[in-house]
Amino acid sequence: MMLIFTFPPLLVAVLSCVYLHLAAKLKPTAKKSDDEEKETRVLATWRKPMLVKGPLGIVTGIELAFLVMFVVLLFWSLFTYFSSSFKSIDATDPAFLDGIRWQLKLDLGGLWLGLVGNICLTLLFFPVARGSAVLQFFGLTSEGSIKYHIWLGHAVMTFFTAHGICYIVYWALMGQMSQTLKWSRSEISNVAGEISLLAGLGLWATTFPRIRRKMFELFFYTHYLYIVFVVFFVFHVGFTYACYMLPGFYLFLVDRYLRFLQSRRHVRLLSARILPAAGQTLELSFSKSPGLKYSPTSVLFLNVPGISKLQWHPFTVTSNSSLETDELSVVIKGEGKWTKKLYEMVSSSAAADHHFDVSVEGPYGPASTDFLRHETLVMISGGSGIAPFISIIRDLIFTSSHLQLKTPRLILISSFKTTADLAMLHLLLPITAASSAATANLRLTIEAYITREKQAAATSPFHNNNVRTKWFKPSPTHAPISPILGPTASWLWLAAVVSSSFLAFLVIIGILTGYYIYPEGKKHGEAGFPMALTAFLYMLVLCACVAAASSGAFLWNKRKSGRDQTIQIRNVEGATPTAGGSPAGGGAVYEMTEELESLPLRTIEEATNLHYGVRPNLRKLLVEYCTEGGSTGVMVSGPAGLRHEAAAICSSGLADDSLQFESISFSW
């Protein structure tokens, strides 16, 4: 049973790791053939939004097709289970049933609802395994897959809740309420199922949008109930039957433990660019190992123990791993309690009085990007939604200046509330002379809309440069951000962790079962070995194997990279500026004004058209840009209304297939 349900998905995961490793080594450089171009156009058609508004949000053609097939599978399963069992009951002699025919149907109906819920549970954990090769093999990201986890979570809890209600009603009608307290030695444990369901309901109640947005911390902390939910689900049905959901949870467990190992060490915070207080925006720059590579629009999860030891928040990486080989930057806008507290800690003078401890997980992003397939790339943002596009612009700077490749024309359409928020544009380009010179070949146009101001100020908003830069000198124990499993063969290491841990698990439980569980079970006759204890031992072995394999791979790669990190820390420490701009020692924080800041600023000002008191007319703008010929990529990041408006325009057939839509968001 374990091999039937777990081996095929885990084999796909291992082969996906191998494929991604080879794909990274053998990146195609030749121009696509006509057949490949045709396939790309067909795929782009399927990726167009089909549903825009509604409970599911923006749904592409591919997503809709798979969603319909999955719903058909669920209904077909329900119909098959119900019809076969009900026919059997109806064919039974009425005298034998003694007037409890429909109660039996309720009993079996509850069972079948639970079985169909298991189909949803099988896929529930795949989307939240952030570093999983399976997601990237199918061209998905952890950020874009969150909505699948939400859809599946609602389906799981709907079926399991109906399953529980059916049995409670059945026991009440049959006068068997004592069954609610039954914990069988060798059969289904009702108590464990009830505990699992209650944990799931507590988790589910906080996931609805109104509660999640108003009480995010409650939503965040109750999500840890998934541990109770899964453990008691296994106690409820037994480990063998729980193998339905084991592959997804197994990959999630490997990913979660690797993230735990990465987050144990604080990372080196180099500097912070602090924008004017009105916008409460800052860019944090961390030291990273040169071997850490990531794609544009990647996401980094941050934890600041000084604010909360448990909370992790995702932020878009704005730096480019090839252009800025030793630094990794993220942009953070103060829009909630956690981010506002972080802005206060970084911007206040009191920050100099203590070391700034930060832990990270990631970065996570797409395996590859292909912005060069477009003639024009239109990027639409609202507020802090501009962050993903900073990474794209910097990636295209590197492509243009270092790889000498033609880049698409870039159109950035951004909405801001006030002129002070325009300071976000300061972050578009890195503050280095080399990168500023490289922007000469970048065809960039910025359409900036200031919605709450009617007219321009007397002086240009770009001349009021209130951006401050603080340089931090952290504790010697802080380390650069580095790949969890090494810079050169991380996918192969992940394949080794998954395969070796699962093989070790099979061997150990085989020995455990043959030499302990079966002999002990025989001593108790028909009662056998306790099913719950078997499940506990199997789960313990599973966790131990994952921990051992993951720790071994992590420590091996950490030892190999330790020397390079030590050299890098010394080099960066020697280059940390003082208030005068020269390398020096003491002090925890330095403030400085970079002359280089004005270089990208001049480029930004020349490329920007300011519009006051209006919102962007996206339909008019997209029609204008798509009529210039060629493929036009449309990327949107920001509020749901903005994303839905752009998706509706791209799906309306306004410009045939030339508009290719992509949304960047953690929510739908």
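Predicted model: local features only at pLDDT ≥ 70, side-chain atom pairs only at ≥ 80, totals over all residues.
**The whole chain**

Begin with everything shown as a cartoon. The protein chain has 21 helices and 16 strands. It runs to 668 residues, and 52% of them count as buried. Now consider contacts between residues with a separation of 6 or more: 80% of these join residues 24 or more positions apart.

**Helix 1 and helix 17**

Select residues 2-25, which form helix 1, and residues 490-523, which form helix 17. Their axes come within 7 Å and cross at roughly 160°. Angles over 145 degrees count as roughly antiparallel, so helix 1 is roughly antiparallel to helix 17. The crossing of helix 1 past helix 17 is left-handed.

Next, show side chains where the two helices touch. On helix 1, pick M2, L3, T6, L10, V14, C17, V18, L20 and H21. On helix 17, pick W491, L492, L494, A495, V498, S499, F502, F505, L506 and I509. How many of the residues in this contact are nonpolar, polar and charged? The contact of helix 1 with helix 17 has 16 nonpolar residues, 3 polar ones and no charged ones.

Centre the view on Y250. Apart from neighbours within four places in sequence, Y250 is in contact with L10, V498, S501, F502, L542 and V546.

**Helix 3 and helix 5**

Move to residues 61-90, helix 3, and residues 101-124, helix 5. The two pack at an angle of about 155°, with their axes 10 Å apart. Helix 3 and helix 5 are therefore roughly antiparallel to each other. Here the crossing is right-handed.

Show the side chains of the contact. Helix 3 brings F70, L73, L74, S77, L78, Y81, F82, S85, F86, I89 and D90. Helix 5 brings R101, L104, K105, L108, G109, W112, L113, L115, V116, I119, C120 and L123. Coloured by type, the contact of helix 3 with helix 5 shows 17 nonpolar, 3 polar and 3 charged residues.

**T60**

Select T60, which lies in strand 2, residues 59-60. Is T60 buried or exposed? Buried means under 20% relative accessible area, and T60 counts as buried because its relative accessibility is 16%. W46 is 14 residues away in sequence, and its C-alpha is 6.8 Å from that of T60. Leaving out neighbours within four places in sequence, T60 is in contact with W46, R47, K48, P49 and M50.

**Helix 7 and helix 8**

Select residues 142-173 for helix 7 and 190-205 for helix 8. They pack at about 135°, and their axes are 10 Å apart. That angle makes helix 7 oblique to helix 8, and the crossing is left-handed.

H154, M157, T158, F160, T161, G164 and W171 of helix 7 meet N190, E194, L197, G200, L201 and W204 of helix 8. The residues of this contact are 6 nonpolar, 6 polar and 1 charged.

T222 counts as buried, at 15% relative accessibility. Beyond neighbours within four places in sequence, it is in contact with G202, L203 and T206.

**Two details of the backbone**

Most residues other than glycine have a negative phi, and most peptide bonds are trans.

Select T297, in the loop between strand 4 (281-287) and strand 5 (299-303). Its phi is near 70°, a positive value in a residue other than glycine. T297 counts as buried, at 14% relative accessibility.

Finish at G362 and P363. The peptide bond from G362 to P363 is cis, with omega near 5°. P363 lies in strand 8, residues 359-364.

Technical notes: Residues numbered from 1 in each chain as written. Heavy atoms only, no water. Axes fitted to C-alpha atoms, helices over the stretch in contact; angles between N-to-C directions. Helix = DSSP H or I, 4+ residues; strand = E, 2+ residues; numbered from the N terminus. Parallel < 35°, antiparallel > 145°, perpendicular 65-115°, else oblique. Left-handed = near helix turned anticlockwise from the far one by under 90°. Contact = heavy atoms within 4.5 Å. Nonpolar A, V, L, I, M, F, W, Y, C, P; charged D, E, K, R; others polar. Buried < 20%, exposed > 50% of the residue type's maximum accessible area, 1.4 Å probe, protein only.
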